[in-house]
Amino acid sequence: MTEPPKSSASSASSASSAGTIVVTGATGNVGTSLVRLLSEDPAVEVVLGLARRIPDWSPPRTTWQAVDLAEDSDTELVELFRGADAVVHLAWKFQPTHAPAVTWRTNVLGSVRVFDAVAKAGVPTLVHASSVGAYSPGPDGRAVDESWPTHGWPEAAYTREKAYLERVLDTFERDHPEVRLVRMRPAFTFKWESASEQRRIFGGRLLPGPLLRPEFLPVVPDIPGLRFQALHTDDAARAYRLAVLGDARGPFNLAADPPLDAEVLGELFHSRTVRVPSPVARSGLAAAWGLRLAPASPQLYDAVLRLPLMDCTRAHSELGWTPRHTAVEALEEMLAGLRRGAGKDTAPLKGRAVG
């Protein structure tokens with residue numbers, strides 16, 4: 001998909017320059033795409049990538065620093081952020097889903113450390129990776145804009161943590177008006193290199209990727225209410241880049257068309273759809289999760305069923321952003337990578353062909 005002509009505001013964003021950009025979670029799905037884009041951008045002098053494990057990957061003008069947000073002190077973060085023009089906070093821990101206190105320490109307490117360090121170090125711009133999961137259950141039949149309440153679904157750790165951080169950022173925004181705060185709320189993000197990581201997060205290490213082919217999937221379950229949005233990770237990274245180098249503030253929804261449901265997935269796999277009652281699907285997932293055969297919790301399943309569809313008009317008009325891939329193309333690419341055990345030479349994205 002080609003982009004429309006950019007407005008004067010987005011053109012000004014492209015012409016902006018920045019010295020040092022710090023990216024937390026720089027070796028993950030969105031992080032690797034964003035680091036690559038920033039490292040290739042002549043407007044950016046230095047990219048400082050923070051991750052728990054330093055990769056062998058060496059993009060131009062990029063340096064790495066090992067950081068564990070659950071363990072490292074606030075003082076260390078302040079020193080790393082000092083002199084930076086922007087901090088992009090992407091770091092997130094999805095597992096262990098059976099130990100929500102562990103993910104809370106990294107995702108919530110670690111994020112609060114990042115926000116505090118941004119203020120103490122005098123960083124002028126903070127771009128935070130929120131999520132569609134931060135939104136409260138949505139209305140039927142219409143998409144919501146960024147004004148929709150962000151209270152999440154309280155029973156799922158992921159959505160609970162994303163919503164909690166929205167409240168933390170409300171206070172941060174009030175107390176630190178000198179910091180330009182941008183909250184990105186993307187849908188599910190997919191790319192070739194993310195396939196093995198996303199299999200580990202959602203399907204588990206035992207999921208046989210090579211069997212996820214149309215010829216082996218004669219039917220697709222049609223679960224009432226299961227419909228979600230997605231976008232290509234590189235498109236999400238382009239939106240983050242525009243936010244970093246521009247002057248926009250506030251929240252932005254990010255998603256591509258079309259929304260993904262059983263009908264679309266059936267066409268993708270050339271399979272017929274079969275109605276499966278939601279309680280039956282949830283019971284199967286709950287049993288697998290309880291036996292530690294599946295990493296995704298039944299509470300996350302409940303949250304996904306309640307996700308609203310997002311209206312992305314604001315990102316189009318104020319960031320000058322339009323996705324170059326459809327949601328189907330993004331999912332197709334990830335599924336192709338899943339069948340091949342695709343990955344990247346970073347710890348989170350490491351490829352693996354079989355469980």
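The largest cavity has a volume of about 50 Å³. By cavity I mean a set of points, on a 1 Å grid over the protein atoms alone, where a 1.4 Å probe fits but cannot get out. Grid points are joined across faces, edges and corners, and the volume is the space filled by probe spheres set on the points.

Some ground rules. This is a predicted model, where local features need pLDDT of at least 70 and side-chain atom pairs count only at pLDDT 80 or more, while totals for chains, interfaces and linings use all residues. Residues are numbered from 1 along each chain as its sequence is written, and side-chain values use heavy atoms, with hydrogens and water left out.

Which residues line the largest cavity? Among them are Val 132, Phe 188, Arg 227, Phe 228 and Met 310; a lining residue has an atom within 4 Å of a point. That lining divides into eight nonpolar, one polar and one charged. Here Ala, Val, Leu, Ile, Met, Phe, Trp, Tyr, Cys and Pro count as nonpolar, Asp, Glu, Lys and Arg as charged, and the others, Gly among them, as polar.

The second largest cavity holds about 40 Å³, and its lining includes Tyr 135, Trp 153 and Arg 306. Six of its lining residues are nonpolar, four polar and one charged.

Now a pocket, which is an open set of points with protein on both sides within 12 Å along at least five of seven lines. The second largest pocket contains about 1400 Å³ of space. It is lined by 34 residues, and the closest to its centre are Phe 202, Gly 203, Leu 226, Phe 228 and Leu 265. Elements giving two or more residues to this lining include α6, α9 and α12. By class, 28 of the lining residues are nonpolar, three polar and three charged.

Next, α12, residues 327-340. Helices are DSSP runs of H or I with at least four residues, and strands are E runs of at least two, numbered from the N terminus.

Last, Ala 281, found in helix α9. Ala 281 is 9.4 Å from Pro 298, C-alpha to C-alpha.

Definitions and conventions. The expected span of a helix is 1.5 Å times one less than its number of residues.
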